[in-house]
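Me: I would like a close look at one part of this model, with the cut-offs spelled out. Please keep the answer in one piece.

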Amino acid sequence: MDNFEALYNNHRKNPISPSPLPEDVYTISGNTDLLIANTCTLNCKNCGFLDFDFMGSENHEKTIPSMMTLQDVKKIVENLIDIKVGFAELTLLGGEPTINPQFVEIVDYLSKFKGQLYTILRVITNGTNLKPHIVESFRKLDYVVLSLYPDTKSIIDKMKKSGLYEYFANNLT
């Protein structure tokens, strides 16, 4: 669990102090979500996040592709920079964003635009897919928000496989 400890200690030593975007960039205040995955590793009872078809079609297919690609993200970023729009806060979101096969590449790419496209970059994750390369990519984010759920056997099993359960059991009081 050295990756988790290093990430936590680095954040404590280097607290986030966002700098404003350039004056010629129209900054959207508050938070803006970038949906990079609409599937999840869990099936929580009260979660309705993209688990429905709001277009009302008979076949009940998802209304957007299940994963945004790095190319999709690049196109969005290019368009936003061209029209000089930025965000106070940008959140990578899903279902579970870390299951996007290009998650690390997306984080690497977006991290290059801090101060130009956003002031704060974060991810919201359920913590069930925290492989070492995913955790390492968290170093390029300003925040990692963990969504914690009731203590059910299936969720605990997935958290144990990711190493998160052990880390919390040993480090949180």
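Reply: The partner is E89: a polar contact of 2.3 Å joins its side chain to that of R122. This is a predicted model, in which local features need pLDDT of at least 70 and side-chain atom pairs count only at pLDDT 80 or more, while totals for chains, interfaces and linings use all residues. Residues are numbered from 1 along each chain as its sequence is written, and side-chain values use heavy atoms, with hydrogens and water left out.

A polar contact here is a pair of N or O atoms within 3.5 Å; within protein, one must be able to donate a hydrogen and the other to accept it, and residues adjacent in sequence count only if both atoms are side-chain atoms. The side chain of R122 makes another polar contact, at 3.3 Å, with the side chain of N31.

R122 lies in strand β3. Helices (H or I, at least four residues) and strands (E, at least two) are DSSP runs, numbered from the N terminus. R122 counts as buried because its relative accessibility is 15%; buried means under 20% relative accessible area, exposed over 50%, and partly exposed in between, with a 1.4 Å probe and protein chains only. Leaving aside residues up to four places away in sequence, R122 touches N31, E89, L90, T91, L92, Y143 and V145, where contact means heavy atoms within 4.5 Å.

K84 has a positive phi of about 60° although it is not a glycine. Most residues other than glycine have a negative phi. K84 counts as partly exposed because its relative accessibility is 41%.

Not counting residues up to four places away in sequence, T128 touches T41, L42, K158, M159 and S162.
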